[in-house]
Amino acid sequence: MTEVVVAHREARPRKAFWPALPVSVVVALGWIALMLLLACFSEIIAPYGFTKLDLRNRLAPPGTVGHWLGTDELGRDVLSRLVFSIRVSLLIAFGATIISATVGTVLGFLAAHFRGWVEQIVLMLADFQASMPFLILALAVLAFFGNSLPLLVGLMGLFGWERYARISRGLAISANAQGYAGAIRQLGARPSRIYFRHILPNIASTLIVSMTLVFPEVILLESGLSFLGLGVQPPMTSLGNMVGYGREYLTRAPWIMLCPAAAIVLTTLAISVIGDWLRDRLDPTLK
Amino acid sequence: MLRFLALRIGRALLTIALVVTFAFVVLRLSGDPALLIMGPEAPPEVIAAFRKAWGLDDPIWMQYFDYFGAIAQGELGRSMRDGRPAVELVVERIPATLALTLPALLIKIGIGIPAGIYAALHRGSMIDRAVMLAAVAGFTVPSFVLALLLVLVFAVQLGWLPSGGQDSWRHAILPIFTLGVGGAAVLARFTRSAMLEILGQHYIRTASAKGVPWRAVVTNHALPNAAIPTVTIVGFMVGSLIAGAVVVESVFSWPGVGRLLVVAVANRDLAVVQCILLLVALTMVTSNLIVDFLYGFLDPRLRTRTGSA
């Protein structure tokens with residue numbers, strides 16, 4: 001009897017750690033893989049350049065030979081533009097997420113290390129950031145500085161930093177109270193080594209989960225700004241940008257707008273599904 | 001309680017100060033504010049007068065305090081486009097925005113909260129699953145996509161409603177619906193999870209164990225406690241009554257504050273942008289304050305805890 005119980009116990013951890021993936025997560029992972037593939041190999045996959053005109057085939061409906069998703073008002077291939085838009089939108093979202101995760105985590109660590117007034121300032125800024133609608137702040141910055149791609153990525157990179165800062169501060173404070181951090185400190189390690197080599201790997205899973213939860217919001221924010229004509233500027237193209245221009249041809253050529261809209265919705269949906277699943281797997285305390 | 005409120009009011013003022021600082025820093029970093037606000041065509045003597053009036057030749061810390069003073073007196077500059085005071089331009093757009101956001105808020109609260117409560121009480125039922133599905137859709141479908149889909153169906157295909165403009169009440173239906181539905185889904189999800197968390201508490205089990213009827217357990221014990229996190233979200237929605245319709249107003253060419261903001265940003269009409277930024281901060285901070293007051297009513301623990309501390 002006991003043997004059975006023991007065997008059962010031993011067999012369990014492996015199973016519990018890699019359970020059969022839910023179908024929704026598999027589909028979501030597949031979709032993200034497809035998007036990444038499209039983004040990495042845009043030049044090879046896209047049948048045409050994204051600014052290539054085909055004036056004889058303007059507003060061709062989907063299914064036209066040579067233009068499987070149709071063309072827009074200038075005869076540009078919607079499929080090709082879609083592929084390049086996915087690349088730009090994902091690039092901005094990745095860049096922004098990495099910036100905000102880095103900034104937030106470093107600020108959280110600074111707050112945890114120095115405490116006192118440094119901590120108060122970080123927390124105050126975090127409260128401020130959380131209480132103002134980000135879209136309005138972003139629009140204000142764009143109004144003052146004009147628009148460029150690096151500025152846009154940097155601006156999006158300010159989105160969500162306060163969540164990483166709060167999480168990393170809280171976790172670093174509790175890690176500092178644990179034996180391993182104290183032991184390394186006694187061995188004479190510099191603070192930067194303690195935080196980045198020892199504490200960071202221990203709290204990484206929580207931060208990664210937060211990243212998957214913030215990422216879809218960054219995509220939505222960028223597409224919203226681009227839709228308003230204030231984000232990515234032509235001749236460059238992004239998903240929101242395509243929807244914005246497609247809106248003019250809503251009655252005659254709805255496919256121009258529907259294709260990128262579907263890409264936005266499915267991508268954010270897929271990442272949210274993966275994020276929720278990861279959260280339940282790695283860190284049920286985050287809600 | 002008094003101490004609690006004083007702390008909250010202090011924080012609200014601090015947030016406003018931070019927004020003003022943000023505007024000040026960004027404005028100074030972006031170039032000569034005299035040229036930016038008055039426009040490049042302004043005659044040199046006007047620029048000089050402006051520089052003097054705003055103290056642009058003073059040391060930067062003095063400028064900072066003067067800036068605060070000017071804003072406190074409502075001196076927010078003039079619009080670059082027609083030279084009218086920015087405050088006037090913004091204020092006259094507020095009713096149009098509220099005509100969309102207030103009914104939308106009623107939809108959010110009227111549908112979102114009951115749906116969330118029902119879903120939590122009937123966990124796993126068809127309605128629960130439908131609410132969760134709608135909540136996911138409400139999060140992943142951006143408002144401009146929802147708006148354009150509604151236009152495609154109701155304006156283009158069916159021809160029932162106009163697709164944009166502000167001529168009659170029928171023009172308001174689609175924008176209100178766009179704003180309301182997405183928000184209702186989000187609110188339903190929050191209410192549901194708040195309720196589920198409360199329903200798992202010991203005092204709920206204790207109440208049902210001592211024989212309190214389920215209906216009374218829910219109305220007397222679960223709902224008041226679940227109201228606290230829900231009020232926070234509703235407060236955020238109230239705070240974004242002014243700024244929450246930027247995208248939707250643009251899609252439906254509705255002449256509200258949001259559309260004014262987009263046009264002002266595109267034209268780099270800084271005085272107007274700055275004015276809207278402050279207005280948004282003010283509404284946000286005010287609604288946060290109201291939420292804090294409400295906490296005091298909803299949660300007696302908060303009153304005693306901070307009162308004694």
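A residue is called buried if 20 or more other C-beta atoms lie within 10 Å of its own, exposed if 12 or fewer, and partly exposed in between, with C-beta atoms placed from the backbone. The model is predicted: local features need pLDDT of at least 70 and side-chain atom pairs count only at pLDDT 80 or more, while totals for chains, interfaces and linings use all residues. Residues are numbered from 1 along each chain as its sequence is written, and chains are lettered from A in the order in which they are written.

**View 1. A:Arg115 in a loop of chain A.** A:Arg115 is exposed, with 12 other C-beta atoms within 10 Å. The residue sits in the loop between H4 and helix H5 (116-131) of chain A; helices are DSSP runs (H or I, at least four residues), numbered from the N terminus. Although A:Arg115 is not a glycine, its phi is positive, about 50°. Most residues other than glycine have a negative phi.

**View 2. B:Ser253 in a loop of chain B.** The loop between H11 and H12 of chain B holds B:Ser253, which counts as partly exposed with 13 C-beta neighbours inside 10 Å. B:Ser253 also has a positive phi, of about 40°, and is not a glycine.

**View 3. Helix H10 of chain B.** The 26 residues of this helix (residues 214-239) should span 38 Å at 1.5 Å a residue, and the end C-alpha atoms are 35 Å apart, which agrees; the expected span is 1.5 Å times one less than the number of residues. A kink of about 40° lies at B:Ala222, shortly before B:Pro224, the bend being the angle between axes fitted to the seven residues ending there and the seven starting there. The buried residues of H10(B) include B:Val218, B:Ala222 and B:Thr230.

**View 4. Surroundings of B:Ala147.** B:Ala147, in helix H7 of chain B, is buried, with 26 other C-beta atoms within 10 Å. Not counting residues up to four places away in sequence, B:Ala147 touches B:Thr178, B:Val248, B:Val251 and B:Phe252; contact requires C-beta atoms, placed from the backbone, within 7 Å.

**View 5. Where chain B meets chain A.** In chain B, 36 residues are in contact with 34 residues of chain A. H13(B) gives the most to the side of chain B that touches chain A, with 7 residues. Leaving aside neighbours within four places in sequence, B:Leu261 is in contact with A:Leu139, B:Val246, B:Val273 and B:Ile276.

Key:
Helices (H or I, at least four residues) and strands (E, at least two) are DSSP runs, numbered from the N terminus. Two residues are in contact if their C-beta atoms, placed from the backbone, lie within 7 Å.
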